[in-house]
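Subject: the model you wanted to look through

Hi,

Here is the structure for you to open alongside this note.

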Amino acid sequence: MSHISDCVDALSTNDYPLITTGWPDDEYGIHHEAYREWVENIASNLDDETDMPPVMSYQEWKVKQRERTEDRIAEFSRSTCDCCGTTLGGSRYAVTGLPSNPSTDSSYIPYEVCEDCYYMIATGSELE
Ligand SMILES: [Zn+2]
Ligand SMILES: [Zn+2]
């Protein structure tokens, strides 16, 4: 089985021609609703006597959450690589298809790819 030599070409579509590594915040669950739940959870764990302690702002919280995200979304998975279609067990990585005008269009396609494909997308060259 030969591997697709250009993973960026394989993933890009007319609507989402730009291929980038990682996912947008939303795809990792980093959005305002999750922040609100986090704050409510702190509040609900307080007893009646205790005032709400100062909590991180949404911006601060987002920065903290991002520290925990990485491009590698699974250490070991057999899920199909969106690029080459392999189901061989291994790490899976986050890749995103963006529209040609990402500054005005926030839509995107999240992809999950195998290590080889991720490496090619990230560096433009094949893994040894
Ligand atoms: Zn692949
Ligand atoms: Zn590929």
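Asp48 sits in the loop between α2 and α3, and its C-alpha is separated by 45 Å from that of Ser77, 29 residues away along the chain.

Some housekeeping before the rest. This is a predicted model, where local features need pLDDT of at least 70 and side-chain atom pairs count only at pLDDT 80 or more, while totals for chains, interfaces and linings use all residues. Residues are numbered from 1 along each chain as its sequence is written, and chains are lettered from A and ligands numbered from 1 in the order in which they are written.

Leaving aside neighbours within four places in sequence, Met52 is in contact with Ala43 and Leu46; contact means that the C-beta atoms, placed from the backbone, lie within 7 Å. Ile42 is ten residues from Met52 in sequence, and the two are 8.1 Å apart in space, C-alpha to C-alpha. Ser57 lies in that loop between α2 and α3 too, and counts as exposed with 10 C-beta neighbours inside 10 Å. From Ser57 to Val39, 18 residues apart along the chain, the C-alpha separation is 9.8 Å.

What about α2 itself? Of its 13 residues, the number buried is zero, so α2 lies largely in the open. From first C-alpha to last, α2 reaches 18 Å, close to the 18 Å expected at 1.5 Å a residue (the expected span is 1.5 Å times one less than the number of residues).

Now the overall layout. The chain has four helices and four strands, in the order α-β-α-α-β-β-β-α from the N terminus. Helices (H or I, at least four residues) and strands (E, at least two) are DSSP runs, numbered from the N terminus. The radius of gyration is 19 Å, well over the 14 Å that the globule rule gives for 128 residues, so the chain is more spread out than a compact globule. That radius is taken over C-alpha atoms, and the rule is 2.2 Å times the number of residues to the power 0.38. Along the principal axes, the C-alpha atoms fill a box of roughly 65 × 35 × 20 Å. Buried residues make up 16% of the 128.

The chain is divided into domain 1 (1–23 + 72–128) and domain 2 (30–47 + 55–68), with bounds from an automatic or database domain assignment. Their C-alpha centres lie 30 Å apart.

On to the strands, where pairing means that DSSP finds at least two bridges between two strands. β1 (residues 18–21) runs antiparallel to β3 (residues 90–98), joined by four bridges, and Ile19 stands opposite Gly97 there. β2 (residues 72–77) pairs with β3 over three bridges, also antiparallel, with Ser77 opposite Gly90. β3 and β4 (residues 109–114) are antiparallel as well, with six bridges, and Gly97 has Ile109 as its bridge partner in β4.

Finally, the core. What has the most contacts inside the largest nonpolar core? Of its 17 residues, the answer is Val95, Val113, Cys117, Tyr118 and Ile121. A nonpolar core here is a set of buried Ala, Val, Leu, Ile, Met, Phe, Trp, Tyr and Cys residues joined through C-beta atoms within 7 Å. α1 (7–11), β3, β4 and α4 (115–123) each give two or more residues to this core, and α4 gives the most, with four. In α4, Asp116, Cys117, Tyr118, Met120 and Ile121 are buried, and their cover includes α1, β1, β3 and β4. Beyond four places in sequence, Ile121 is in contact with Cys7, Val8, Ile19, Thr21 and Val95. After α4 comes Gly124, whose phi is positive, near 75°.

Cheers

Note on methods: Buried ≥ 20, exposed ≤ 12 C-beta atoms within 10 Å, placed from the backbone. Contact = placed C-beta atoms within 7 Å.
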